[in-house]
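Here is a quick tour of a single chain, written for someone who likes to check contacts by eye. Have the viewer open and follow along.

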Amino acid sequence: MPSTVHGVHAMTIKTFFTILAVLALVHGIGFVLAPEQLAASYGMAASPSLVLVARLFGAALLALGLIFWFVRDNSSESVRGVLIATGIGDVVGLVVVVMGTTAGTLNAMGWVAALIYLFGSAGCGYFVMARSPELSSR
């Protein structure tokens, strides 16, 4: 049950992982099934190479989304490992997306991806640092 402080609900690890799972699964399915359309929405011209890499990225997102989905009810130490690995990956992704957006490789939609990476890295950092009730709450 979410804890409240003066009417504000704290996010639980289960809610955090559920949000990450949905984001990863939706984007993963999109990159696998419609890589040309997603590339266009980010301002990138689709080429056979880009379509292949986008589909591989989609497959990785599907795997990651399923990991988040299955670990969301777990309060063991393995969750800490998932948080640390995801946090590191999201920080690297954030840097790469910001570089790509500011260089003009991605259009303004790059900032949406940056916000997703920022949410993931900040949330992972929060739950790794909290280590107590949030990490073990369901």
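## The overall picture

Keep in mind that this is a predicted model. The chain has 6 helices and 2 strands, and along the sequence they come in the order β-β-α-α-α-α-α-α.

Of the 138 residues, 34% count as buried. As for contacts between residues at least 6 apart in sequence, 68% join residues at least 24 apart.

In soluble globular proteins, nonpolar side chains tend to be buried together. Here the largest nonpolar core has 13 residues, and those with the most contacts inside it are I13, F16, F17, F68, V79 and L83. Helices α1, α3, α4 and α5 each put in at least two residues, and α1 gives the most, with 5.

Another core lies apart from that one; it has 6 residues, including L94, L106, A113 and A114.

## Rings meeting rings

Now for the aromatics. The chain has 6 aromatic pairs. One of them is F16 with F119, a tilted pair at 5.4 Å centre to centre and 55 degrees between the planes. This pair ties together distant parts of the chain: F16 belongs to helix α1 (residues 13-33) and F119 to helix α5 (residues 110-130), 103 residues apart. F119 has a relative accessible area of 30%, so F119 is partly exposed.

Why does the pair of F17 and F68 count as stacked? The ring centres are 5.7 Å apart and the planes are at 20 degrees, which falls under the 30 degrees cut-off, so the label is stacked. This pair also links distant parts of the chain, with F17 in α1 and F68 in helix α3 (residues 48-71), 51 residues apart. Both F17 and F68 are buried. Zooming out, ring pairs connect F16, F17, F68, F119, Y126 and F127 into a cluster.

There is also a charge over a ring to look at: the charged end of R72 sits over the ring of W69, 3.6 Å from the ring centre.

## Two threonines in α4

Helix α4 (residues 77-102) is where T86 is found. T86 has 7% relative accessibility, so T86 counts as buried. What does the polar part of the T86 side chain have beside it? A polar atom of that side chain lies 2.7 Å from the backbone oxygen of V82. Not counting residues up to four places away in sequence, T86 touches L64, F68 and C124. F68 is the ring stacked with F17, and F68 is also among the residues with the most contacts inside the largest core.

T101 is placed in helix α4 too. At 10% relative accessibility, under the 20% cut-off, T101 counts as buried. The T101 side chain reaches the backbone oxygen of V97 at 2.8 Å. Leaving aside neighbours within four places in sequence, T101 is in contact with L106, N107, G110 and W111. Of these, L106 turned up above as a member of the core of 6 residues.

Definitions and conventions: Residues are numbered from 1 along each chain as its sequence is written. This is a predicted model: local features need pLDDT of at least 70, side-chain atom pairs count only at pLDDT 80 or more; totals for chains, interfaces and linings use all residues. Side-chain values use heavy atoms; hydrogens and water are left out. Rings of Phe, Tyr and Trp (its six-membered ring) pair if their centres lie within 6.5 Å; planes under 30 degrees apart count as stacked, over 60 as edge-to-face and the rest as tilted. Helices (H or I, at least four residues) and strands (E, at least two) are DSSP runs, numbered from the N terminus. Buried means under 20% relative accessible area, exposed over 50%, partly exposed in between (1.4 Å probe, protein chains only). A charge sits over a ring if NZ of Lys or CZ of Arg is within 6 Å of the ring centre and within 35 degrees of the ring normal. Contact means heavy atoms within 4.5 Å. A polar contact is a pair of N or O atoms within 3.5 Å; within protein, one must be able to donate a hydrogen and the other to accept it, and residues adjacent in sequence count only if both atoms are side-chain atoms. A nonpolar core is a set of buried Ala, Val, Leu, Ile, Met, Phe, Trp, Tyr and Cys residues joined through side-chain atoms within 4.5 Å.
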